Amino acid sequence: MSPTQWDFPVELCCRPMAFVTLTGLDVVYNAVHRAVWDAFCANRRADRVPISFKVLPGDHEYPKCRTKRTSYEWYIPKGILKTGWMNKHLNLVPALVVVFYELDWDEPQWKEKQSECATRVEIVRQSLQGRNTKVAVVLIQKKTPLPPGEDVVASERAAALCNACDLSGKSLFVLPHTDHLVGYIIRLENAFYEHAQTYYYTEIRRVKSHKEFLNKTTHQLLFVRHQFKIAFFSELKQDTQNALKLTDVLEHELSWVNTHFLRCMHICRLCFQHNTPLDAIAQFRKHIDLCKKKIGSAELAFEHAAWMSKQFQAFGDLFDEAIKLGLTAIQTQNPGFYYQQAAYYAQERKQLAIVLCNHDSSVSYPNPDPLETQTGVLDFYGQRSWRQGILSFDLSDPEKEKVGILALQLKEKNVPHSELIITLLSNAVAQFKKYKCPRMKSHLMVQMGEEYYYAKDYTKALKLLDYVMCEYRSEGWWTLLTSILTTALKCSYLMAHLKDYITYSLELLGRASTLKEDQKSRIEKNLIKVLMNESPDPEPDCDASAVKASQKLWTDRISLAGSNIFTIEVQDFVPFVQCKAKFLAPSFHVDVPVEFDIYLKADCPHPIRFSKLCVGFNNQEYNQYCVVEEAYQKSDVLEYSSQGPVCLVPGKTRKFTFKFVAKSEDVGKKIEITSVDLILGTETGRCVILNWHGGGGDAASSQEALQAARSFKRQPKLPDNEVHWDSLTIQANTMIISRVPNISVQLQHEPPALNNEMYCLIVTVQSHEKTVAKDVKLTAGLKPGQDANLTQKTHVTLNGTEICDDSYPALLPDIPVGDLQPGEKLEKAVYIRCGTVGTRMFLVYVSYLISTAVEDKEIICKCHRDETVTIETVFPFDVAVKFVSSKFEHLDRVFADIPFLLMTDILSASPWALTIINSQLQLSASMVPVDQLESYVENVVLQTGESASECFCLRCPSVTNVQGGVATGRYVISWKRSSAVESVPVVCTVITLPHVIVESIPLHVNADLPSFGRVRESLPVRYHLQNKTSLVQDVEISVEPSDAFMFSGLKQPQGRQADDTSIAAA
């Protein structure tokens, strides 16, 4: 018997399908036959009928049918079910044999072909003699047949062929080899399926007929056998509901026998097939509850554990297969739990085998082998090979039983239990990973690692344990982590892996380890031995042979020359040394030494001396200033010395203070501690570099800091020279800022700034340094980072005598102003032109160099002082423009060739007095002045809120109708602040005048009136009428009477007016 003796029969783990054999197909040399076979077996989808096909030769010998009994009165069964019965009906005895034959209806040699086909059918029948297997014939034809009834020849020849082959019409089929071959094949399959169901129905009736000869008193086992066969044939017939019902009936019968697993697996598979997983799970639990206590022989208890393991594994496989077919599983109910339980029983099997199979090497395997049979397999399920066909449990031959048990024990001793366990655990891990159960996955991975350790595959064991350690560290499972680290340390010792051994030793000595002090002391001494290039003592509970092999490996490690320096990144571990780095301030001026402290704390059982402590920075030039080094003999590592520069006492915090001068080019940059290296050992032996990234901390630091922050426990008072470790925080970087400037910067100006003016900002710089301030530079202008539109509309210059244009920048950088003597004052005028209104921030930045001494070291410091000022820009004045008539009446439109007045009002909006230097009206081509254009506001000074007005008489010549009106022109105002110096340029503000609507009228009337009149004296009035059209106009004038005047002359004169002429009426 082999380790696979506990594997379930393949036929029990698959879905039973009707077995159909195909004969007459040459799938190797005939392309047509090959295409037919591929259509039957290739790419079978789930919607096709469940049939298992096999190609066999026409004269294939099928299993012979035994003579059936007519009475069971004196028959004593040798077992319940033969081991080959299910395989026989799944793969050997077909429900239907299909004979394929190439024959067309118009075949010239029809008679000969018909006879040959009938002969083939007869050969098949002879090989199936005594069985109820159905036989069918399929004619492979080249042409597509006509619809039934239309081809008379085909009908006649089909009837003749059926008669010759002794077939019914339903057993003869035609298969045209056309483009629609797959469609014809599917129709054939459905017909084959019906024949197969008929066969299995016949077999069920045949088995039922045998039950009539049985009685439950003497033929109980035969009842179980026949009931199982009926259920199995029902499954082949795809009547799964009836199969499930029949299998359930077996439960009472099988409670009296050992062959219980067949019924359970059948029921579970059928329940999954019917999508009732809860019923399958309940049935399996019921089965397990019934069987788990039936251990059997105590000397073969491992067999029961193996059997239970296989039960859970098989159910897990069924569950997983059902999920692949569409069943939905959840976190709390998935195949992983059953694989896990299978692994548990496999581990139990292993433990029992160690106890029960612990024979001396002198015990040899029995000869002849009691486990061998004549056929190589058992005849019936659930029997021993040395007592086949015996159903009684009375041991008639105790000696044979004893030899058989010994053979089983010796076989079990050679079973690779760890491989079986690892396979099951791997299946469980895959399931828990799939259903997102991380802790279950980690738990089982630990067990896998331990099994690899027992199997002496230490490399795989370390790989798994390393993966799990990270999760347990992050979650703080220190007891579990200690157990895993202990196993990992054993693996690394047995493989003589130096770096792994050192790493695990460092962590087992640390605060996260739950080992006792004596165990830590042993590990610490072993670690020191390794560092002194000596072999460590063996780890406890290791296999003796493995220890012997590892000692040879350690000896080789000592003799081999090579790199003995090991760098261990401790941020992913919890080593026995803790480290925290802290700068004394978040920033340091460049003329002040940078100071920081390194705090170290050891958690190992004994004091330990390190050879070197060094700190690394992002600027490596500072590394040389931060080193503490100690020279000692390698035998003194565990010797405490209060004078030792780097000696750590367990539980005590040691502080190391460092100081260095920052470089002037690092001003404005961060100085960051990138690493802290603590070196254990010497270069003559082995050297271990504990490397902390940044300012220290390890895998447990963040969790401990969080707990300390949430804790309300009062800290005990310590001596002045000691600190509480938990109260220390890591400050791994600091900023180097410039030296505090000793100059003053003052800004003088008159806000707000006026739009487009050259705004004067006077910068006054005074030195209060004790030495000369060299290379003084001034940066002035718009502060960077503001709106881009402001940058484009702001221009800065030092020359205030001319207006800036768009080529001038918004910021003037690094304007050299020379050196400043102590107490010297410097003034600089900066002119700013703002093209838009709004608020702007302006920056004035003064930098200089000065020499100073820091820690007896002369350095050149670059100092600077900056001032910002917010300046509001406003419009200097508001200009209002309106059109009025000669009588100062408001006009919304003007008339061609009729004079009108343009009035402008300049209202000062500046808080400062403005001087209007000049004004100018620039008319467009469509406007002409009536009289000479002159400025009436020249040199006028406007205070806040005052206004100045001008009036211009204009006329618009005749124009065609213009959409949107006619452009008037521009109004240009030249101005400056009254307080500005003479050199400040005049600002020209251009106002675009509004468009005006111009209309043409056919007749102009102009009244010529005296400026005044006297009572009772004649008042001559003359009206001038002018025709503006190109046509002659008839004009009739009427004068309305007024009570205040008497009229003389015509009151209703008439006349004709030619084009573009004028007449007068008085």
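1. Let me start with a helix pair: the crossing of H18 and H19 is left-handed, a label used if the near helix is turned anticlockwise from the far one by less than a right angle, with right-handed for clockwise. Helix H18 covers residues 498-508 and helix H19 residues 517-531, and the two pack at an angle of about 145 degrees with their axes 10 Å apart. Axes here are lines fitted to C-alpha atoms, for helices over the stretch in contact, and angles run from 0 to 180 degrees between N-to-C directions. Helices (H or I, at least four residues) and strands (E, at least two) are DSSP runs, numbered from the N terminus.

2. A word on what you are looking at: this is a predicted model, in which local features need pLDDT of at least 70 and side-chain atom pairs count only at pLDDT 80 or more, while totals for chains, interfaces and linings use all residues. Residues are numbered from 1 along each chain as its sequence is written, and side-chain values use heavy atoms, with hydrogens and water left out.

3. Back to that helix pair, and who touches whom. From H18, Leu498, Tyr501, Ile502, Ser505, Leu506 and Leu508 meet Lys520, Ile523, Asn526, Leu527 and Val530 of H19; contact means heavy atoms within 4.5 Å. By class, this contact has eight nonpolar residues, two polar and one charged. In that scheme Ala, Val, Leu, Ile, Met, Phe, Trp, Tyr, Cys and Pro count as nonpolar, Asp, Glu, Lys and Arg as charged, and the others, Gly among them, as polar.

4. Another helix pair is worth a look. H14 (residues 417-434) and H15 (residues 438-454) pack at an angle of about 160 degrees, and their axes are 9 Å apart. That angle makes H14 roughly antiparallel to H15 (under 35 degrees counts as roughly parallel, over 145 as roughly antiparallel, 65 to 115 as roughly perpendicular and the rest as oblique). The crossing of H14 and H15 is left-handed. On the H14 side the contact includes Ile421, Leu425, Val429 and Phe432, and on the H15 side it includes Leu444, Met448 and Tyr452. Twelve nonpolar, three polar and three charged residues make up the contact of H14 with H15.

5. For the whole chain, the model has 22 helices and 41 strands. Of its 1066 residues, 45% count as buried, that is, under 20% relative accessible area, with exposed meaning over 50% and partly exposed in between (1.4 Å probe, protein chains only). Among contacts with a separation of 6 or more, 73% involve residues 24 or more positions apart.

6. Now to a five-stranded open sheet, ordered S19-S26-S25-S21-S23 with mixed pairing; two strands pair if DSSP finds at least two bridges between them. S19 (753-754) and S23 (811-820) are the edge strands, each with a single partner, so one side of each has no neighbour in the sheet. Inside this sheet, S25 (residues 838-854) and S26 (residues 857-874) run antiparallel and are joined by 17 bridges. Leu849 stands opposite Lys862 in S26.

7. A cis peptide bond joins Pro751 and Pro752, with omega about 0 degrees, and Pro752 sits in the loop between S18 (743-748) and S19. In the loop between S19 and S20 (758-767) you will find Asn755, which counts as buried because its relative accessibility is 10%. Leaving aside neighbours within four places in sequence, the contacts of Asn755 include Cys834, Thr873, Phe875 and Trp975. Asn756 is in the loop between S19 and S20 too, and its phi is near 75 degrees, a positive value in a residue other than glycine.

8. Asp897 also has a positive phi, about 70 degrees, although it is not a glycine. Asp897 lies in the loop between S28 (894-895) and S29 (900-908). For context, most residues other than glycine have a negative phi, and most peptide bonds are trans.

9. A second sheet, also open, has four strands in the order S32-S30-S34-S35, with antiparallel pairing. Its edges are S32 (940-942) and S35 (987-992), each with a single partner strand, so one side of each is left without a neighbour in the sheet. Neighbouring strands here are turned by 35 degrees against each other on average, direction ignored. Three bridges join S30 (residues 914-923) to S32, and Leu914 stands opposite Leu942 in S32.
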